[in-house]
Structures are given as structure tokens and as C-alpha cells.
Amino acid sequence: MTDTLLIENGMILAMDAGRRVLEGASLLVRDGRIAAIGADVPAMPPETSRIDAAGMVVMPGLIDTHAHAGHMLTKGLGGDSEDWMAITGRVYAEATDAEFWAAEAALSAAERIKCGTTTAALLFGGGPDIMRTEAPDAANAHLAVIAEMGLREVLAIGPNRLSAKSIYRKYNAKSYDEIAVLPDTQLKVCTALVDAWAGSNDRVRLAVSLPVFDACDLQDPAVRALCLKARDLAREKGVLLVQDGHRDGSIAANDASLDLFDTRSLLAHCIDLTDEDRAVLKRTGAKVAHNPSALMSVSGRCPAPELMEDGVTVSLGTDAAAPDRSFDMFRNMFQAHRYHARHFRDDAVLPPQQLLEMATIEGARALGMEDEIGSLEVGKRADILLVNMRQPHLWPPVDPVQRLARFANGADVDTTIVGGRVLMRGRKLVQADEGAILDRAERAYRLAMRRAGLT
């Protein structure tokens, strides 16, 4: 990272409260933060590091508020979604080691950098039954790679459900041991991981995840005890509590039984909500990660526009790579619009500015990071994209907000900067060897497939 970087001649979309759009403007980065924008940028000496952003939109990095670690190396498996989920669960539990999670993290980070996602919130595993938190090795391997790649990430770690006995395999040089995974052990590992990574890297944060339980589940004293332990751990450590899969009354049930939610709660999917669910979201300040490309958005609907009218923070997530989706947040902006416009039969629903806000400043609010990222303002972290607008599908040169939300895709991102550090320039990774990342991921994938008997 250079101490000072001047981005010149760009069209700046600040995504701030004033929704400023500055043409032919400059932005100054100093020590990883935005030091000046537009007319406030002072004259800089010739030796200053510069990027000419002519023909580019300069905008905040995109923020993906719900994804999963692991999926980048399993997204091609299975004949359909149900088959894919079953195979993925088996691979995560029976065929992975720390190197798998490290190689997958590098591949995931490379895709995010190349499609302009500078911050993501990931669950460490696939769904509520296969969280790889029986020991710290896998999570540490993942986080070390993310820190090295230079991205911002919130990794949610937590226990499995209590409904089924979990057996994982721990591999050594020539064989493996089978390990019974207990939620209390997982919570102890999570506590140690949160403590170990606290303050160690300003781009990496941890959160506590908890499976979603419905009203019937919550009648079980063991389930209630697990939920309360996870809730109290998140509150004690001052980190997010993340849940994946709320629907049809589960929010209200958890609020009534556990007082589970507050402003540090991030709830993914949230489909087919009841009036009581919506009232809890509004009262508690819990945030919603809407995933229009996800399978749950096929089986039910997240009332994202209605929740935003209620004053609830709603952000966008990809649900991570899978057989039918990628990490491309531009794709999710477009899909979110079509998803809700079709429901209301009204093309004015979720206009372009609102979609871009869901992927930037509202994502920052969902993660409790709106004072640091999500918009281009003096003092904030310099998480910045340069998007190449001089392309046929993004032409003619009018209304950059509309062009980005309706027509852009991740491959249009020319430059990705996180905390003032240039991670990609001219579509080429600057800090990492893309070929080496692909080779490493292939080796990890093939080994996991052999272990799972899928070759």
C-alpha cells in the first residue's frame, strides 16, 4: 500500500447522504483513508502515485452481507440443488482439511476482488449442520489467506444444530480419525477464535452464527440453552449474531422465547415473514441480508421493499457461489429489481439508486461498519472501485447510476482498492498470482473429491 494515492479524472459516485455525483473529479487517499474529494483535493507533487480514471466510475467497494465459505470448490457438484446440498455437506464433513479451506479462501477472494466485492460476510460452512468449528485449524487457515489477499471480511462461526449427531473426519498423513462434534465444544472453539483474532487485523472480523430454530424447536430446553449461550457470547464479545434461513414466524418465535435480536443481529433470507416478524425487525433494529439469487428466494419471498419502508436495514447478499449463482453483486442488483418488480408488477420498485445503496452503504450498516466503509467520504476507509464505463453495454454516457444497476457486471470492474491498497488494476491481480491460486484450488478440489469418493 502506498502512503498517498491520487485518483484523477473520474466520475465519482460518493453514495453518501447527498448522493453526490462528481464529474471529472479527483479523490485523494492517504494512509488507507480518503483524505479529500473533488474540489477539496489539493495540488499534489509530480511523484505522487496516480491512477487516471478517465472513462471510469469511481465508487465504493461492494458489500456482500451473506455468503458461505467452502462453496467455491463445491459449486459444480450434483445434478440439482437438492443433490448439490447433500453432496456439499458430505464433502465439508468428510473430505476437507485446513488446506482445503485455505485454497478455497484464496479462490473466493480472487473472484470477489475481480467482481468488485471488497467486503463480505461469510458463514464458515454449508448451512446449520456442517460448521467447521470443531477445532480452530480450518478457520485460522481461511482467515490467514483472507488477511494476506487484502480483502475485508466478517467470518461467522458457531455451532451445529442439535438434531443430528455430527461426525467429521480429521485427516493425518495417511488416514483419518472420526470426531464426534459437540455444540459446546464448538462454542469454546469460537470463543478462542474471536479472542485470537480480535485486533489482529483491521480488515478481518469474526461473528457468532446460530442455526435458525422455529417455535416447535424452541420448546426443547437443550435448544434454548444453546441459543442463549450463542446470544450471550456474541453480546459479551460485541460481535454480530448471524443467522441463515429465517422464515414464516421464526423471527417472532425467537424474539418471544429468547430476546435474541438487537442492532447487532444480521438475519439472512427472511422469506414469507409474518406481520409479527416484521414488527420484531422494526422494534429491535435487527438487519436483513436479502439474497435474490438464492434457493430460498425461489421457495419464498423476502419482502425487502416493504421492510425498507418500515425503516429496516436491508442489504444484498449472494449466498455465495453455487450451481446457479456467483459472487457477482451486480448480478444480484439486477436480479433483486426483477424479483420485486415482477411481484408488484411495477418496474419502479427498487430504482437504481436504491439498489446501489443496498450493495454499498446499506451493506455497511448491516455489518455495523457504516462509519468506516460503504460510501466515499473524507475519513472513511479507502475501499474503492473503478468501473470501466466505455463499453458498448454501458453506453451511451448518461445516468451512471442506472447503467451500473441495470447493465454492469463484475467483469466491468477495472480496479479494486481496499484500505488504500490496490488489489487489482486493469483486471489483473496486483498482490497475488491468479494462476497459482487456480492451481492450488484444483489440487485441493481433486484431493477432496478422492476422499469423498466422487472421482
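**Figure 1. Buried residues of helix 13.** In helix 13, the residues Pro400, Val401, Arg403, Leu404, Ala405 and Arg406 are buried. The model shown here and in the following views is predicted. Helix 13 as a whole is mostly covered, with 6 of its 8 residues buried. Its buried residues pack against strand 1 (4-13), strand 2 (21-30), strand 5 (56-60) and strand 16 (384-388), and also against helix 10 and helix 11 (352-358).

**Figure 2. Crossing of helix 10 and helix 13.** Two packed helices are described by the angle between their axes and by the distance between those axes. The axes of helix 10 (residues 329-344) and helix 13 (residues 400-407) come within 7 Å and cross at roughly 90°. Helix 10 is therefore roughly perpendicular to helix 13. On the side of helix 10, the contact involves Phe330, Met333, Phe334 and His337, which meet Leu404, Ala405 and Arg406 of helix 13. By class, this contact has 5 nonpolar, 1 polar and 1 charged residues. Leu404, Ala405 and Arg406 also belong to the buried residues of helix 13.

Figure 3. Gln353 is located in helix 11. Its relative accessibility is 17%, so Gln353 counts as buried. When neighbours within four places in sequence are left aside, Gln353 is in contact with Met15, Arg19 and Val401.

**Figure 4. Packing of helix 2 on helix 3.** The axes of helix 2 (residues 98-114) and helix 3 (residues 137-149) come within 8 Å, with a crossing angle of roughly 30°. Helix 2 is therefore roughly parallel to helix 3. The crossing of the two helices is right-handed. From helix 2, the residues Ala98, Trp101, Ala102, Ala105, Ala106, Ala109, Ala110, Arg112 and Ile113 meet Asp137, Ala138, Ala141, His142, Val145, Ile146 and Met149 of helix 3. The residues of this contact divide into 13 nonpolar, 1 polar and 2 charged.

Figure 5. A pair of aromatic rings is described by the distance of the centres and the angle of the planes. Across the whole structure, a search finds 5 aromatic pairs. The ring centres of Tyr92 and Phe100 lie 6.4 Å apart and the ring planes stand at 65°, so this pair is edge-to-face. Tyr92 and Phe100 are both buried. Ring pairs link Tyr92, Phe100, Trp101 and Phe124 into a cluster.

**Figure 6. Ring pair of Tyr171 and Tyr176.** Tyr171 and Tyr176 form a tilted aromatic pair, with 5.4 Å centre to centre and 55° between the planes. Tyr171 counts as buried because its relative accessibility is 18%. Tyr176 has a relative accessibility of 34% and therefore counts as partly exposed.

Figure 7. Ala93 lies in helix 1 (residues 81-94). With a relative accessible area of 9%, Ala93 is buried. Apart from neighbours within four places in sequence, Ala93 is in contact with Ile130, Arg132, Ile167, Tyr168 and Arg169. Ala93 and Asp433 are 340 residues apart in sequence, and their C-alpha to C-alpha separation in space is 29 Å.

Key:
Residues are numbered from 1 along each chain as its sequence is written. This is a predicted model: local features need pLDDT of at least 70, side-chain atom pairs count only at pLDDT 80 or more; totals for chains, interfaces and linings use all residues. Side-chain values use heavy atoms; hydrogens and water are left out. Axes are lines fitted to C-alpha atoms, for helices over the stretch in contact, and angles run from 0 to 180 degrees between N-to-C directions. Helices (H or I, at least four residues) and strands (E, at least two) are DSSP runs, numbered from the N terminus. Angles under 35 degrees count as roughly parallel, over 145 as roughly antiparallel, 65 to 115 as roughly perpendicular and the rest as oblique. A crossing is left-handed if the near helix is turned anticlockwise from the far one by less than a right angle, and right-handed if clockwise. Contact means heavy atoms within 4.5 Å. Ala, Val, Leu, Ile, Met, Phe, Trp, Tyr, Cys and Pro count as nonpolar, Asp, Glu, Lys and Arg as charged, and the others, Gly among them, as polar. Rings of Phe, Tyr and Trp (its six-membered ring) pair if their centres lie within 6.5 Å; planes under 30 degrees apart count as stacked, over 60 as edge-to-face and the rest as tilted. Buried means under 20% relative accessible area, exposed over 50%, partly exposed in between (1.4 Å probe, protein chains only).
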